[in-house]
Amino acid sequence: MKHERALERRQFLKGTLGAASLVVLAGCDNLTQSRWFPSILNKTEKLTERVQRAVTPTNALAKEYGEADISKVFPANGSIDPGTEDYAEHVAKHFSEWTVMIGGLVRIPTRWSLAALKALPSRTQITRHDCVEGWSAIGKWTGVPLGDLMHLVQPLPGAKYAVFHCADIDDEGIAYYESMTLADCYHPQTLLAYELNGSALDVPHGAPIRLRFERQLGYKHAKYVMRIELADSLAGIGGGRGGYWEDQGYEWYAGI
Amino acid sequence: MGSLIPDPGQENRPGSDLGMRSEPISLKAHAASDGPTVLQGVVSAARPASAPVVERIYRHRLPVRISHWLNVPCLFILIMSGLQIFNAHPALYWGDRSDRDQPVLSIRPMKTESDEIRGITTILGHQFNTTGVLGYSDGSGRAFPAWATVPSYKSLAMGRQWHLFFAWLLVINGLFFTAYALISRHVTRDLAPTGKDLRGIGKAVTDHLMFRHPTGHEAKRYNVLQKLAYVVMLFIVAPLIILTGLTMSPMIDTAFPWLLTIFGGRQAARTIHFIACFSFVGFIVIHLLQVILTGFVNNMRSMVTGWFVVKREHEGAGHEA
């Protein structure tokens with residue numbers, strides 16, 4: 001009798017726990033898809049950014065590795081080919097006519113040819129690329145420090161962000177873009193890179209110009225950069241959250 | 001339960017174990033309560049108050065209880081959203097890089113020769129068929145199944161949002177608990193195993209294996225295995241999981257490059273984070289089992305109200321109420 005009751009109780013407990021966990025899980029899904037809840041979860045993004053920036057010296061360098069540490073295969077992720085006719089034409093011409101326009105809130109808007117960029121002093125760094133998915137790869141990047149370009153175009157006092165407009169367009173016609181604070185543009189390791197492991201960037205890795213934004217996750221490192229716009233706010237650009245992935249729920253601050 | 005609610009103003013009695021308040025239950029106290037099931041049939045009416053058969057002790061103080069219950073949603077959400085994040089790249093590596101041909105662990109759907117999809121878990125080169133749970137479940141190729149992740153559907157972005165929010169909550173709760181536990185001497189008095197405890201570890205292990213649980217006086221304090229489990233989880237595994245989590249942050253690596261050194265690289269840190277996560281899973285399973293085996297109602301009451309009931313040894317040591 002006592003045994004039966006214990007058994008019943010156990011089954012009741014099991015059933016209750018099972019049902020409760022299903023309800024909790026469904027509840028989590030509902031919360032995830034609600035309008036208000038993600039905005040609460042997202043409150044920690046600012047907190048994380050403030051704390052991380054506070055503990056990290058402005059110009060502290062991300063770890064640089066040795067030649068022996070370079071990944072044999074550097075995986076290409078996200079868009080691996082813009083696939084537009086325009087871009088295909090550039091590929092055919094070996095990017096001889098590719099330009100990067102730097103404009104918006106700057107004193108001297110300037111259009112840079114690839115040759116002009118390569119003629120500027122360059123920086124080479126062997127750094128770790130950390131994808132938001134969790135994997136890491138180490139590569140040797142060469143490019144122009146973005147800070148040098150900023151000194152040349154002279155940002156206006158109101159400029160707070162640099163927005164990177166890219167050549168890749170997704171299946172729904174949405175163009176890839178990214179952004180960072182103006183201050184991050186001046187970090188010594190922030191590059192407009194044109195070489196990976198000693199050769200010109202190939203298409204999967206963002207030819208001919210891609211951003212290196214060390215200290216933040218891979219999706220911030222925009223590929224196929226065509227135009228850099230300095231702006232006082234991210235509100236009117238793209239989906240308004242500062243980047244292609246950010247508009248889909250990823251954090252704008254990707255230091256973690 | 002009116003009479004069982006502790007009076008926070010009352011001083012701890014010196015000499016009681018765990019620095020807890022302890023008071024004998026007399027018939028009067030019992031009659032005045034709404035009769036929690038644990039007490040029924042235990043108190044003898046004829047016995048004078050000076051020789052009680054059960055004793056109730058104030059086992060868990062409020063800050064500990066709050067911290068404990070905050071940990072419950074934190075750990076569940078962190079584990080399940082962590083598995084969601086893991087699913088985005090279901091492989092672990094050692095060192096700084098992810099060399100895809102040399103994973104420590106991978107959990108992936110694979111096609112067999114007959115075009116069937118199997119979930120294959122590979123640990124250090126050894127393959128296991130884990131179809132239905134790992135690698136392939138409910139008709140979709142995913143490392144951990146829908147019932148184990150938050151959200152249940154695939155969403156790295158939302159998995160991260162859940163994870164990072166509750167990570168902050170866990171850290172804040174952890175700091176609060178640690179500060180309280182040190183200042184109140186909860187650590188030194190209740191959690192740190194004594195020399196005597198450690199000498200009795202062999203007996204404790206056999207007792208646990210035979211499902212013999214301490215009763216009477218011994219049940220008032222944590223036993224040595226319990227102490228070790230709590231100390232290891234609180235002061236070794238929890239800091240480890242937080243630090244390895246931070247080591248995955250490229251910004252934190254810039255500020256504190258030694259993190260990469262001590263854990264052996266970012267991917268190694270990710271692997272350790274994963275192992276630490278599963279030691280939490282193991283801890284939770286055993287913890288819940290013990291809560292049920294050693295008197296579910298009594299344990300739950302003590303973690304909700306603080307009050308824990310202990311039977312006197314001479315009154316039938318060995319059985320549960």
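1. A word on the model first: it is predicted, so local features need pLDDT of at least 70 and side-chain atom pairs count only at pLDDT 80 or more, while totals for chains, interfaces and linings use all residues. Residues are numbered from 1 along each chain as its sequence is written, and chains are lettered from A and ligands numbered from 1 in the order in which they are written.

2. The contact between the chains draws 37 residues from chain A and 33 residues from chain B (residues are in contact if their C-beta atoms, placed from the backbone, lie within 7 Å). On the side of chain A that touches chain B, α3(A) gives the most, with five residues.

3. Helix α3 (residues 43-55) of chain A packs with helix α3 (residues 156-183) of chain B at an angle of about 65°, their axes 9 Å apart. Helices are DSSP runs of H or I of at least four residues, and strands are runs of E of at least two, numbered from the N terminus; axes are lines fitted to C-alpha atoms over the stretch in contact, and angles run from 0 to 180 degrees between N-to-C directions. Here Thr44(A), Leu47(A) and Thr48(A) meet Leu164(B), Phe165(B) and Trp168(B).

4. Turning to strand β7 (residues 191-196) of chain A, five of its six residues are buried (20 or more other C-beta atoms within 10 Å of the residue's own, with C-beta atoms placed from the backbone).

5. β7(A) pairs antiparallel with β4(A) over five bridges, and three bridges join β7(A) to antiparallel β9(A) (pairing takes at least two DSSP bridges). Leu191(A) is the bridge partner of Pro145(A) and also of Arg212(A) in β9(A).

Conventions
Contact = placed C-beta atoms within 7 Å. Buried ≥ 20, exposed ≤ 12 C-beta atoms within 10 Å, placed from the backbone.
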